[in-house]
Amino acid sequence: MPWLGLGLGILGLLALAALAYWQLVVAEGTYLGPRAVILMYDLSARLYERIKKYDVGAEQWYLGLPLTLALDQVPAPLVLDVATGTGRLPRALMRQAAFDGRVIALDLSRRMLAQGVRETAQFSDRLTFIWQDARNLPFHNNVFDAVTCLEALEFTPRPSQVLEELVRVLRPGGVLLVTNRIGPQAKLLPSRAYPRDEFLALLGSLDLEDTSLRLWQVDYDLVWAVKAGQPRGGGIRPLPEVMRCPVCRGSMERGGDGYHCTECTREYPVAHDGVIEMARVSRRTT
Ligand SMILES: C[S@@+](CC[C@H](N)C(=O)[O-])C[C@H]1O[C@@H](n2cnc3c(N)ncnc32)[C@H](O)[C@@H]1O
């Protein structure tokens, strides 16, 4: 009988270890909620680039070059990178000599953004970082020439809600570039990762056309699409023209040490490293 107890104890411990591995390593905390996800990224921010070991040539070939080509008819394009992490997509774009636009890079992990500021210092004159949740983008409708979101949708509680936000802020004729999680671990992410046909159907239910899926990595497809409608809007503009208050959706103005909403008067500070800290205020008040 003691052997039975010992066996059951060991089985229990193994089950617990497997559960922890699934929740924390594979799912990166996504089933525990956004706070858990962001805590994990905050804790690993300084190591992130060393873990990922991005290859500059591959980043140019798969991301920077095709996106620059997709935007080559747009003078000075305005690009939004959602869940930017340490600024991987902005770097890939800025390294393209032909890219003459500006990038706004948003993330909910403040420490990933701090690291991103350091990693992209050489491009700081054409790059703005915003601390905010991807589920509530602080921008007016139809403003960006391209919206990107790489390796992040599956870590949000409802990827379809974030996709809707990405499409909302993309202008008609603008380019959407996102990733869809595939590979062996995708099956361990129910309601977060979608089989290819379901992901394409989801994009089809939004205001998108010319959707194409390209093999990229073991764990991710790259998915490109264009927002339907007569091309209009876009181009670099002063930030207050594209931003809206994440709490009341009012217009924004620059002033003092940051930005403020002209309607509810909430203030969004710009930190010493240049990051616009919207999450600090909007999290407290929503
Ligand atoms: C695997 S990293 C990808 C970062 C970057 N796109 C890249 O490809 O290197 C996932 C990122 O998503 C961010 N993230 C997760 N949930 C988020 C949310 N609700 N809003 C904004 N960012 C979020 C994390 O903070 C993290 O930086």
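Predicted model: local features only at pLDDT ≥ 70, side-chain atom pairs only at ≥ 80, totals over all residues.
Ground rules: residues count from 1 along each chain as its sequence is written, and side-chain values use heavy atoms, without hydrogens or water. Local features need pLDDT of at least 70 and side-chain atom pairs 80 or more, while totals for chains, interfaces and linings use all residues.

**Who is around it?** I found 20 residues around the ligand (a heavy atom within 4 Å). Tyr54, Ala83, Arg88, Asp107 and Ala134 come nearest. The shell splits into 11 nonpolar, five polar and four charged residues, with Gly counted as polar and Ala or Tyr as nonpolar.

**Polar contacts.** I looked for N or O pairs within 3.5 Å. Tyrosine 54 has a side-chain N or O atom 2.6 Å from a ligand oxygen, and for tyrosine 48 that distance is 3.0 Å. Aspartate 133 puts a polar side-chain atom 2.9 Å from a ligand nitrogen.

**Why do I place it between two domains?** Domain 1 (2-49) and domain 2 (56-227) both give residues to the shell, so the ligand lies between them. I note that the bounds come from an automatic or database assignment.

Notes: Polar contact = N/O pair within 3.5 Å; in protein donor to acceptor, adjacent residues only side chain to side chain.
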